[in-house]
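User: I am new to this structure and would like to learn how to read its features. Could you guide me step by step?

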Amino acid sequence: MSYHPKHPKTRSGCQVFGFSGEQAPIPKFHAGEVGVRLQFLSPRKTNLRLQAISDIRGKYEFDQTTSPPQWEIDKNLSFINKINAADPNLLPSLAGGQSPPILWIGCSDSRVPETTLLDLRPGDVFVHRNIANIVTTGDTSVQSVITYAVEHLHVKCIVVCGHTGCGGVSAVIDDHKFEGPLELWLEPLRKLKHEYAGQYGSLDGSVEYSKRVESLVRFNIQAATAIVNSSSVVQEAKKVRQLDILAAIYDVGKGKLQFFM
Ligand SMILES: [Zn+2]
């Protein structure tokens with residue numbers, strides 16, 4: 001989404017519980033790839049994108065001699081080599097099926113790649129991500145993922161994770177209106193803000209902007225976790241085995257997870 005919060009500040013003071021953070025792979029862009037992507041953008045957006053890419057160019061090396069698909073192929077080969085060097089049996093074993101212990105429900109944000117930030121590998125995490133990690137009873141996508149993960153994969157824990165500086169949450173705090181599906185998608189979050197604003201002072205306009213965003217991020221995580229927990233599939237599973245439902249917030253600026261609730 002193109003919306004960016006006015007004050008995308010990160011919070012501080014997070015704790016890590018058993019996981020070590022790892023930086024996401026550094027992207028390597030090509031001039032050809034940039035051109036292909038830019039042709040779909042409006043002139044204004046193109047200028048903004050060019051500026052962003054220009055910033056990236058200052059940081060990362062560009063290879064102007066290879067065609068765009070070569071970048072993905074090279075990175076994929078790099079991934080295969082790293083995995084095979086660490087564990088030659090992993091990829092062949094995964095061809096036989098999956099048995100992930102964790103279901104992760106998080107935000108689509110590119111800065112919150114669950115497998116990377118948990119320092120885990122393919123096959124470890126079953127994933128559902130959407131904008132602002134919104135969970136509702138009427139969303140057949142997330143409900144199907146929960147059902148499959150619990151009933152068929154027998155995951156041992158479900159992590160509901162939000163994050164600092166969430167664009168979707170910030171848009172709701174700002175009362176920013178979108179057109180089309182985004183507006184519809186964020187409606188549950190707008191209702192949550194309206195509902196909680198009357199109960200908690202932390203969403204008052206007088207409160208510092210970043211703290212209001214963080215408050216709504218946390219309220220959203222709590223609401224999502226409650227819906228996951230109340231799911232009949234989850235309740236049934238809890239009767240016969242251990243199934244932990246964990247709420248977490250990820251600090252983008254620090255790479256740290258904090259579990260709460
Ligand atoms: Zn987000």
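Analyst: Let us begin with burial. A residue is called buried if 20 or more other C-beta atoms lie within 10 Å of its own, exposed if 12 or fewer do, and partly exposed in between. The model discussed here is a predicted one. In it, D119 counts as exposed because it has 11 C-beta neighbours inside 10 Å. D119 belongs to the loop between α5 (114–117) and β2 (125–130).

User: What is the phi of D119?

Analyst: The general idea is that most residues other than glycine have a negative phi. Phi of D119 is near 55°, a positive value, and D119 is not a glycine. D175 also has a positive phi, of about 55°, although it is not a glycine. D175 sits in the loop between α7 (167–173) and α8 (181–185). With 8 C-beta neighbours inside 10 Å, D175 counts as exposed.

User: How should I read confidence, and over which residues does pLDDT stay under 50?

Analyst: Where pLDDT is low, the predicted coordinates should not be read in detail. The protein averages a pLDDT of 82, and 74% of the residues score at least 70. Over residues 7–43, pLDDT stays under 50. The model has 64 contacts beyond four places in sequence for this stretch.

User: Let us turn to the overall fold. How many helices and strands does the secondary structure comprise?

Analyst: There are eleven helices and five strands in the protein. The five strands form an open sheet, and its order is β2-β1-β3-β4-β5, with mixed pairing. At the edges are β2 and β5 (256–260), each of which pairs on one side only. From one strand to the next, the twist averages 25°.

User: In which sense do β1 and β2 pair?

Analyst: β1 and β2 are parallel, with six bridges between them; here G106 has R129 in β2 as its bridge partner. β1 and β3 also run parallel, joined by four bridges, and W104 stands opposite V159 in β3. Between β3 and β4 the pairing is parallel over seven bridges, with I158 opposite I245 in β4.

User: Is β3 mostly covered or mostly open, and which helix lies across it?

Analyst: β3 is mostly covered, as six of its seven residues are buried. The helix α10 lies across β1, β3 and β4, and runs at about 160° to β4.

User: Which residues of the largest nonpolar core touch the most other members?

Analyst: A core is read by asking who belongs to it and where the members come from. The largest nonpolar core has 45 residues, and those touching the most other members are L103, I105, V160, V169 and A224. At least two residues of this core come from each of β1 (102–107), α6 (140–152), β3, α7, α9 (187–197), α10 (209–230) and β4 (244–251). The largest share, nine residues, is supplied by α10. V160 illustrates the contacts involved: beyond neighbours within four places in sequence, its partners include I105, I221, A224, V228 and A247.

User: What share of the residues is buried, and how far apart in sequence are the residues that contacts join?

Analyst: Of the 261 residues in the protein, 26% are buried. Among contacts between residues at least 6 apart in sequence, 74% join residues at least 24 apart.

User: Which residues does the UniProt annotation "binding site" cover?

Analyst: An annotation comes from a record, and one then looks for its positions in the model. The unreviewed UniProt entry gives "binding site" for C107, D109, H163 and C166. These residues span 60 residues in sequence, yet no two of their C-alpha atoms are more than 8.9 Å apart, so they gather at one spot.

User: Where do H163 and C166 lie, and are they buried or exposed?

Analyst: H163 lies in strand β3 (residues 157–163). It is buried, because 25 other C-beta atoms are within 10 Å. Leaving aside neighbours within four places in sequence, the contacts of H163 include C107, D109 and Y250. C166 is placed in the loop between β3 and α7, and is buried, with 29 other C-beta atoms within 10 Å. Not counting residues up to four places away in sequence, C166 touches C107, D109, A132 and V217.

Conventions:
Residues numbered from 1 in each chain as written. Predicted model: local features only at pLDDT ≥ 70, side-chain atom pairs only at ≥ 80, totals over all residues. UniProt positions renumbered as here; feature names shortened; annotations may be inferred. Contact = placed C-beta atoms within 7 Å. Core = buried A, V, L, I, M, F, W, Y, C linked by C-beta atoms within 7 Å. pLDDT = per-residue confidence, 0-100. Pairing = 2+ DSSP bridges. Axes fitted to C-alpha atoms, helices over the stretch in contact; angles between N-to-C directions.
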